[in-house]
Amino acid sequence: MAIYRTLDPARIPEHVAIIMDGNGRWAGKRLLKRFFGHKQGAESVQFVVETATRINLPWLTLYAFSIENNLRRPKSEVNFLMKLLKSYLVSNLKRMNDNNVRMNYIGRLTELPAEVQESMQWAQEQTAKNTGTTLTLALNYGSRSEIVDSCRAILREAIAAGKTGEELLNAINEETIGPRLYTGQMPDPDLLVRTSGEMRISNFLLWQIAYSEIFVTPRLWPDFRGAHLLEAIAAYQGRERRYGGLGDSTTDEETLEGTAAEAEALVK
């Protein structure tokens with residue numbers, strides 16, 4: 001693949017997160033029911049996962065099913081998505097093991113149907129010894145709920161430790177929230193990819209993407225393939241990450257340009 005040869009293997013992101021969007025529109029453009037879009041979207045997942053394993057991407061997180069999907073979509077569509085998830089895990093287990101993929105999940109998982117939870121746990125156990133890409137599916141997931149759950153966990157621990165008043169308030173801070181998020185054992189995403197051209201985050205990893213690079217493509221998720229993942233990574237490698245500081249290309253002369261008097265005059 002030509003685009004792969006342009007990538008710097010030393011600068012592959014550690015973690016790529018993807019908002020998979022456009023299944024319904026893909027089906028609508030073909031005068032098909034939404035179910036066909038979801039089915040085709042599941043095929044795209046496997047293509048992208050296999051590409052991730054070939055480039056040794058350590059972490060890949062896919063926004064598969066949000067809390068809002070669960071609450072606001074027709075029951076028939078939600079039931080289909082749950083069956084599709086179960087089918088995906090069962091039918092792709094061998095491919096995941098062949099590609100050294102380890103399964104992981106984030107979200108309010110206990111609210112999913114029991115039989116789906118069983119399939120999820122089975123797939124996780126069957127891939128637990130794999131050492132390649134960790135594929136994390138965000139299921140019944142919402143980032144605001146995740147942050148709330150993290151704060152509740154902190155408070156429970158603090159109360160159990162006998163903390164009260166100011167001590168209880170001080171227990172909640174950036175250092176304590178992060179490790180108690182669903183992603184507590186994962187690195188924050190370096191790159192967030194959004195398909196279908198929508199310019200929104202959709203309540204996905206709000207805390208974790210504070211300094212992530214964002215790549216938006218108009219391509220609908222069922223048409224997204226491994227080559228398009230590589231395109232996103234190529235764009236990522238062409239950027240300079242500054243984390244709120246100055247870039248490596250900024251010179252000392254630029255930072256010191258002008259005198260204190262000139263600066264003071266500017267704000268008068």
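Is Gln-237 buried or exposed? Gln-237 is buried, with a relative accessible area of 10%, where buried means under 20%, exposed over 50% and partly exposed in between, for a 1.4 Å probe and protein chains only. The structure is a predicted model, in which local features need pLDDT of at least 70, side-chain atom pairs count only at pLDDT 80 or more, and totals for chains, interfaces and linings use all residues. Residues are numbered from 1 along each chain as its sequence is written, and side-chain values use heavy atoms, leaving out hydrogens and water.

Gln-237 lies in helix 11 (residues 226–237); helices are DSSP runs of H or I with at least four residues, numbered from the N terminus. Beyond residues up to four places away in sequence, Gln-237 touches Leu-7, Asp-8, Arg-11 and Ile-12, contact meaning heavy atoms within 4.5 Å.

The largest nonpolar core has 42 residues; such a core is a set of buried Ala, Val, Leu, Ile, Met, Phe, Trp, Tyr and Cys residues joined through side-chain atoms within 4.5 Å. Helix 5 gives the most to this core, with 6 residues. Ile-18, Leu-60 and Leu-135 have the most contacts inside the core. With residues up to four places away in sequence not counted, the partners of Leu-60 include Ile-18, Val-48, Val-49 and Leu-135. A second, separate core of 12 residues includes Ile-106, Tyr-141, Phe-204 and Ile-209.

Helix 5 (residues 75–91) also packs against helix 3 (residues 34–54), their axes coming within 11 Å and crossing at roughly 30°. These axes are lines fitted to C-alpha atoms over the stretch in contact, with angles from 0 to 180 degrees between N-to-C directions.

Key
Helices (H or I, at least four residues) and strands (E, at least two) are DSSP runs, numbered from the N terminus.
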